[in-house]
Amino acid sequence: MKNEKINRPNFIPENTKDWSLETRVSHIGRRTKDDFGFINPSVYHASTVCYQSSEHMRTRDGAYTYGLKATPTMDALTQSLSELEGAAGTCLQPSGLSALVSPLMAVLSQGDHLLMSDSVYQPTRKLCDDMLTKFGVEVEYYDPLIGKNISRLFKHNTKVVFLESPGSQTFEMQDLKSIIKACKEKNIITMMDNTWASPVFYAPLLNGVDISINAGTKYLNGHSDVLIGYVSANEALWPLIEHMNYIQGLHASPDDVYLTLRGMRTMPLRMKQHMESGIYVARWLESREEVTQMLHPALESHPQHHFWKENFCGANGLFSFILNEYSQDAVDHFIDHLEFFGIGFSWGGFESLIVPFDPRPYRTATKWEHKGQAIRIHIGLEDPDDLIRDLEKGLNRLA
Ligand SMILES: *Cc1c(COP(=O)(O)O)cnc(C)c1O
């Protein structure tokens with residue numbers, strides 16, 4: 001046994017390229033033969049890895065070295081995610097937010113210029129304003145609808161353009177193709193928070209983005225019981241991302257990693273249902289006179305519907321809408337007595353949720369002009385007709 005090489009396992013079968021997504025999520029991330037015939041991989045709770053000898057410790061290439069870096073449980077998930085993302089590598093984080101912090105910190109240095117979408121997930125904004133600027137990064141917000149004119153904002157020190165499409169809560173769809181092309185021409189790194197689409201509906205790296213960021217907390221895990229994030233990178237950036245992730249001491253718990261792997265098995269199936277029910281409810285809401293505007297990228301009425309069609313192969317169950325002008329009391333009355341919609345942040349679980357929001361206080365590059373209350377809802381896996389009946393009673397309470 002002395003110095004016999006123990007290599008890290010491969011969790012991806014051969015020829016997955018010929019398989020559809022549904023088939024891949026069923027068969028990647030497990031090694032049934034090596035797990036005594038059991039379908040699922042076992043969960044390693046681990047810190048220390050013992051080497052077979054001092055010499056083995058010196059020449060440890062290919063082996064596990066420490067639980068913080070990798071375990072077979074982590075490999076099952078990260079290899080699966082790299083497969084779905086078309087990435088050179090993927091690292092796990094304790095939350096989606098931490099998956100935003102880690103690559104921005106890895107890539108940016110003092111004096112670099114960062115272009116950040118004005119409709120970005122709000123905590124990303126706080127990360128920029130309260131931390132990156134403190135470290136000397138120049139942060140500039142841009143209109144998410146800027147398209148190819150992004151190049152007019154490029155400076156000699158522009159290092160990263162950050163994308164998120166649709167915009168968090170407000171659902172602006174970016175002209176991803178033009179922005180990615182403009183960045184490539186100038187060797188500017190693109191990062192994208194792809195939580196809304198997930199690799200099921202858009203694969204950033206396969207479309208030329210350098211770093212793909214995801215809150216696995218949402219649809220990947222899909223059951224509102226885990227916080228996890230991941231970062232996938234291309235060949236050129238993966239060594240940096242992996243190293244910087246390690247020295248920040250980031251780690252996701254083995255049980256959460258396992259639950260996320262379990263969530264992955266049904267993610268395409270769940271997302272298809274979320275999409276179908278979401279569009280069904282959105283079309284119904286669009287027909288209601290209490291609603292001024294729908295913000296659902298898959299509806300023809302969305303102003304950037306064409307960018308959704310051009311880039312994405314689906315939509316999920318999350319969208320927003322604007323009400324006519326009603327008093328705060330009336331809006332509260334609508335929301336507070338819904339039977340099936342929880343009032344709460346996050347989304348991507350099996351249950352429906354609703355949150356009123358107001359982007360006016362934090363926008364800087366663009367203005368939010370809508371006067372009525374903006375509301376975001378997540379359509380869960382309940383029967384959409386039950387959800388519509390619930391919303392109908394709610395909208396009737398507005399009057
Ligand atoms: C929820 C969310 C995150 C953060 O994920 P957490 O796991 O809740 O930290 C990041 N980006 C987007 C777009 C999100 O919706």
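User: Which residue in β9 stands opposite M294?

Analyst: In this predicted model, where residues are numbered from 1 along each chain as its sequence is written, M294 stands opposite F321 in β9. Local features need pLDDT of at least 70, side-chain atom pairs count only at pLDDT 80 or more, and totals for chains, interfaces and linings use all residues, while side-chain values use heavy atoms, without hydrogens and water.

User: How do you know that β8 and β9 pair?

Analyst: Two strands pair if DSSP finds at least two bridges between them, a strand being a DSSP run of E of at least two residues, and a helix one of H or I of at least four, numbered from the N terminus. β8 and β9 (residues 318–323) have four bridges, in the antiparallel sense.

User: What makes β8 and β10 edge strands?

Analyst: The open sheet runs β8-β9-β12-β11-β10 with mixed pairing. β8 (291–295) and β10 (342–343) each have a single partner strand, so one side of each is left without a neighbour in the sheet.

User: Why is α4 called oblique to α5?

Analyst: Helix α4 (residues 96–107) and helix α5 (residues 122–132) pack at an angle of about 40°, between axes fitted to C-alpha atoms over the stretch in contact, on a scale from 0 to 180 degrees between N-to-C directions. Angles under 35 degrees count as roughly parallel, over 145 as roughly antiparallel, 65 to 115 as roughly perpendicular and the rest as oblique, and that makes α4 oblique to α5.
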